[in-house]
Amino acid sequence: MSDQLRWKRVLLKLSGEALMGEQQFGIDPAVVERVAREIAEAVALGAQFGIVVGGGNIFRGVSLAAKGGNRVTGDHMGMLATVMNSLTLADALNSLGVQARVLSAVPVPSICETFTQRGAERYMEDGDVILFAGGTGNPFFSTDSGAALRAAEMQCNAFLKGTQVDGVYDCDPKFNPDAMRYDTLTPGEVLEKNLKVMDATAIALARDNAIPVVVFSIHTSGALVNVLRGQGLFTVVS
Ligand code: UDP
């Protein structure tokens, strides 16, 4: 079945806000379950998944720094937030019968395994879904950069960025009905036009490792499977 897939081994990046639903903060278990079902459906088709979930629904380091707090401490807290999000998504996947493991760049050994590339490779070969928690393990980075790093380390065929909308637009489609969606973009165009795909470090890492970034809507039912087959609406940055 996996030969029907345009991209077989993928890194799926979800922002923490993707797990928030209508709430202003935190995790909505119903949304987590819905996202897990989409992933489980794709796993059943033979896709291999590494997943990075951000932490913005719980904590971002810059918000602490903006209020006069210590940025490094704030980033440590943000990285721990990604561990929480990864744990909840792993539980939801496991309860659907998908073997999912949390590997964290920040060691929290009583809660989950610590990331090593070799360990992750073995699990992925076994067909397990890996949740890469803890970002890069370093402050001053984003989970988009962490995800691009893991995509390169795991030799993923594509970096799938699940967002609130079905691709990259020339302006915000929520506020402008005439907004135009791009089918394809180059990393250079994303940087030049300052399009809000992800930060420059993440874009450069994906570009330098020849990994296409595929932006699609994680909230559209069936979109993940469609994208893996190269169908439906999305923007490819490559
Ligand atoms: N973070 C970090 N280093 C990393 C990745 C994340 O310090 O390598 C911290 C940072 O404070 C960030 C927070 O974790 O704001 C949550 O990640 P991010 O903002 O990327 O989450 P998202 O916007 O995707 O929900």
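Predicted model: local features only at pLDDT ≥ 70, side-chain atom pairs only at ≥ 80, totals over all residues.
## Helices α5 and α7

On the α5 side, the contact is made by D144, S145, A147, A148, L149, A151 and A152. On the α7 side, T201, A202, L205 and A206 take part. By residue class, the contact of α5 with α7 comprises eight nonpolar residues, two polar and one charged.

## Burial of strand β5

Strand β5 covers residues 129-133. Five of its five residues are buried, so the strand is largely enclosed by the rest of the structure.

In a regular strand, the side chains alternate between the two faces of the sheet. Both faces of β5 are covered. V129, L131 and A133 are buried on one side, and I130 and F132 are buried on the other.

## Strands paired with β5

Strand β2 (residues 48-53) is joined to β5 by two bridges, and these strands run parallel. Here G50 stands opposite I130 of β5, a residue that is itself buried.

Strand β3 (residues 100-104) also runs parallel to β5, and five bridges join them. L103 has F132 of β5 as its bridge partner. F132 lies on one side of β5 together with I130.

Terms used:
Residues numbered from 1 in each chain as written. Contact = placed C-beta atoms within 7 Å. Helix = DSSP H or I, 4+ residues; strand = E, 2+ residues; numbered from the N terminus. Nonpolar A, V, L, I, M, F, W, Y, C, P; charged D, E, K, R; others polar. Buried ≥ 20, exposed ≤ 12 C-beta atoms within 10 Å, placed from the backbone. Pairing = 2+ DSSP bridges.
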